[in-house]
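Please look through the structure shown here before reading the briefing that follows. The points below are grouped by topic, so that each can be followed on the model in turn.

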Amino acid sequence: MKYFFSSGHGACPGCALPIAVKNVLYALEGKCFVVNPTGCLEIISSQYDRSAWGVPYIHSVFENAAAVAAGVEAALKALGREDEGHVVVFAGDGATADIGIGCLSGMFDRNHDVLYICLDNEAYQNTGNQQSGLTPPGSNTTTTPAGKVLPGKVGKKKDMVAFALAHKIPYVATASVAFPQDIRRKVKRAVEFEGSKYIQIHCPCVTGWGINSNDTIKVAKLAVETALYPIVEYENGELVRVRKIKEKKPVEEYLKLQRRFRHLFKHPKGKEIIEELQRIADENAKRFGLI
Amino acid sequence: MVRKVVRGFYSVAHSVKLCRPDVICAYPITPQTEIVENLAQMYANGELGNCRYITAESEFGAASILVGASATGARTFTATCSQGLILMSEVLWNAAGMRLPIVMVIANRSLSAPLSIWNDHQDSMAMRDACIIQVYVENNQEVHDLIPQAYKIAENRDVMLPMMVCMDGYKLTHAYEPVDLLDQETVDAFLPPYDPPIKLTTKDPLTFGCYAPPHCYMEFRVVMQRAMERAKGVMAKVFEEWAKHVGRDWGGLIAQDHMDDAEVAVVAMGSVVGLVREVVEELRNEGKKVGLVKIRSFRPFPTEDVRKAMENVDKIVVFERAISFGHEGPVATDLKAALYGYSDAKVYSFVVGLGGRDIPRSLIKGCVEKVIEGRVEPGCYFEGVKEFEEVIV
């Protein structure tokens with residue numbers, strides 16, 4: 001069988017990224033151009049002479065995937081080749097929400113016909129767990145370490161769904177590797193829209209989050225079931241679908257499985273952070289009608 | 001061909017249009033803006049065929065868009081300068097490494113701080129080592145002629161590198177000059193459509209922009225150097241072909257006047273060449289054995305050509321529009337390196353006209369006379385600087 005993303009890539013055992021990538025590529029039947037900024041996925045898949053990619057692939061630099069994708073799309077249109085395939089970006093959360101946000105805003109603003117997938121593992125994991133704009137509060141990263149005074153990251157997880165919606169692009173959704181069928185359905189739905197599409201997929205990181213390599217899906221599922229990671233879908237700015245939670249779990253159940261949150265259970269400010277996370281989860285549940 | 005009095009930016013835009021680009025992308029910056037404004041108007045009028053014209057959110061985005069477009073097989077164009085070029089620089093290094101033949105016009109402008117919108121060559125000189133071909137033009141006919149040649153050079157399979165056509169901001173971009181405007185047939189007969197050896201396509205999926213561990217990185221850089229070396233031959237051939245095709249001969253990697261028996265060579269790049277040429281003529285009329293070497297290609301550096309041209313000169317005067325702080329003018333450095341072991345000529349480098357400072361004829365003549373008469377030691381000097389007191393010392 002023709003491969004789109006081959007085995008033999010260098011992802012860690014239990015890594016969520018290949019799950020997300022393979023499901024997206026299968027949904028598109030490999031009919032796509034992949035643009036990938038510097039990051040985990042790039043480094044595990046694009047070494048010279050060992051590319052894992054069975055689809056046309058381009059990596060330029062860290063902060064420009066959205067612009068490169070816009071260029072691919074423009075060229076395909078100019079050359080009358082737009083039927084060759086969809087243009088898809090796979091970008092990490094740092095490349096999306098921090099360093100690459102200018103190019104992303106430009107691409108959304110011009111509404112290029114590009115499906116932008118943010119693989120959200122909530123920190124710069126390729127380089128060993130440095131804080132990004134999508135790192136949740138309280139997370140212990142190497143640049144927001146928990147210390148005697150500070151309880152890990154102080155601040156919020158940037159709301160990239162709101163950012164995408166603010167650009168009035170036709171399709172915005174979140175997804176999780178815990179629900180691969182949902183990823184495939186959303187990708188197929190997204191490419192029915194002409195213009196920019198944004199899907200943010202929650203991807204637990206075994207090493208950065210400090211979880212067992214066989215707990216990736218379990219942890220991803222708990223993020224959804226606690227309402228910390230709401231699964232939502234917007235079409236033309238309207239919330240059209242959410243993943244309902246059958247039995248909402250307390251955030252501690254999600255936090256306690258991960259080394260990055262372990263300090264919260266003994267740090268003087270830990271209780272405060274856990275309460276804050278619970279409040280965020282409760283607000284999500286209410287705001288999106290998850291229950 | 002029709003002769004018209006046009007401004008520099010129009011001579012660029014008109015020529016770019018005739019090259020049938022597929023994707024044009026830019027971000028406005030003074031004094032480049034009018035180039036892309038003219039192209040935008042042509043796009044709005046439906047004069048650019050299937051071309052996509054994109055206004056990016058920054059020069060960084062513009063260069064990135066062209067990386068994607070060029071890798072997909074599109075002929076691409078952008079124009080920028082100064083801070084915009086420096087903002088693009090990360091992507092341009094990347095484009096060169098990926099061997100993407102993006103053609104860009106640089107409306108040479110100084111760098112901040114202090115902020116200045118006026119002309120010198122500090123911006124393009126900062127890109128010297130990026131493996132981007134750099135050619136400097138003297139007037140608006142030369143830039144008009146050079147653009148089709150730039151595509152032919154950059155897209156040559158022995159080259160496959162980005163190319164910068166450098167024209168002095170304001171001094172050329174905004175100057176009115178009579179230009180023989182090319183027509184579509186002339187350019188079509190010279191420049192074939194872009195047919196890249198490889199491109200992004202689902203029919204033959206390839207990986208672009210891989211990463212290379214130490215066991216293979218170096219070879220990528222070796223082939224870039226080889227491509228630059230091969231570019232010298234390709235450029236000479238394309239320049240010659242152009243001269244035959246349109247009847248205007250701009251010379252090779254360098255152009256020279258009165259160098260056959262010259263004892264003193266005067267070296268310059270860009271719009272100041274016209275003035276320097278006049279001064280050289282004047283000095284010749286006074287019986288002084290002075291010649292002019294106009295450097296057209298700064299990268300690749302015309303090492304062999306300057307060795308040959310300057311074989312018998314005793315002194316070399318260089319007029320620089322940039323400074324490599326902590327050393328000297330960058331053209332002088334390269335000249336000395338090229339001539340080392342081949343010539344004992346003394347090199348006098350004069351840094352002039354930074355930030356648009358006027359370069360009067362008297363200044364040029366005065367510098368050359370100073371050198372001829374032995375009133376100055378070899379070295380690097382700022383000329384045309386007024387008396388002032390340093391504040392931070």
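This is a predicted model: local features need pLDDT of at least 70, side-chain atom pairs count only at pLDDT 80 or more; totals for chains, interfaces and linings use all residues.

Two strands are said to pair if DSSP finds at least two bridges between them. With that in mind, the bridge partner of Val351(B) in S16(B) is Phe382(B).

**Chain A as a whole**

- Chain A contains 11 helices and eight strands, and its radius of gyration is 18 Å, close to the 19 Å that the globule rule gives for 291 residues, so chain A is as compact as a globular protein of that length.
- Computed along its principal axes, the C-alpha trace of chain A spans about 60 × 45 × 35 Å.
- Of the 291 residues in chain A, 56% are buried, and among the contacts in this chain with a separation of 6 or more, 69% are between residues 24 or more positions apart.

**One residue of chain A**

- Phe163(A) is found in helix H6 of chain A, which covers residues 160-166.
- Because 18 other C-beta atoms lie within 10 Å of Phe163(A), this residue is partly exposed.
- Phe163(A) and Leu264(A) are 101 residues apart in sequence, and from C-alpha to C-alpha they are 29 Å apart in space.

**Where chain A meets chain B**

- In this contact, 39 residues of chain A touch 37 residues of chain B.
- On the side of chain A, the elements that give two or more residues are strand S1 (32-35), strand S2 (57-58), helix H3 (65-78) and helix H5 (101-110), and H3(A) gives the most, with 11 residues.
- Sorted by class, the residues on the side of chain A that touches chain B are 21 nonpolar, 13 polar and five charged.
- Strand S2(A) pairs in the parallel sense with strand S9 (residues 207-208) of chain B over two bridges, and Ile58(A) stands opposite Phe208(B) in S9(B).

**The two domains of chain B**

- The domain assignment of chain B gives domain 1 (2-246) and domain 2 (254-382), and the centres of these domains, taken over C-alpha atoms, are separated by 27 Å.
- The contact takes 27 residues from domain 1 of chain B and 19 residues from domain 2 of chain B.
- On the side of domain 1 of chain B that touches domain 2, at least two residues each are supplied by helix H5 (122-125), strand S6 (133-136), strand S7 (163-168) and helix H8 (214-246) of chain B, with the largest share, five residues, coming from H8(B).

**A sheet in chain B**

- An open sheet of six strands in chain B has mixed pairing and the order S10-S12-S11-S14-S15-S16.
- Strand S10 (254-257) and strand S16 (379-382) of chain B stand at the edges, each with a single partner strand, so one side of each is left without a neighbour in the sheet.
- From one strand to the next, the twist averages 20°.
- Strand S15 (residues 346-351) of chain B runs parallel to S16(B), and four bridges join the two.
- Helix H9 (residues 272-285) of chain B packs on the sheet, where it touches S10, S11, S12 and S14 of chain B, and its direction makes about 165° with that of S12(B).
- Helix H11 (residues 330-339) of chain B lies across S11, S12, S14, S15 and S16 of chain B, and runs at about 150° to S14(B).

Conventions. Residues are numbered from 1 along each chain as its sequence is written. Chains are lettered from A and ligands numbered from 1 in the order in which they are written. Axes are lines fitted to C-alpha atoms, for helices over the stretch in contact, and angles run from 0 to 180 degrees between N-to-C directions. Two residues are in contact if their C-beta atoms, placed from the backbone, lie within 7 Å. A residue is buried if 20 or more other C-beta atoms lie within 10 Å of its own, exposed if 12 or fewer, and partly exposed in between; C-beta atoms are placed from the backbone. Ala, Val, Leu, Ile, Met, Phe, Trp, Tyr, Cys and Pro count as nonpolar, Asp, Glu, Lys and Arg as charged, and the others, Gly among them, as polar. The radius of gyration is taken over C-alpha atoms; the globule rule is 2.2 Å times the number of residues to the power 0.38. Domain bounds come from an automatic or database domain assignment.
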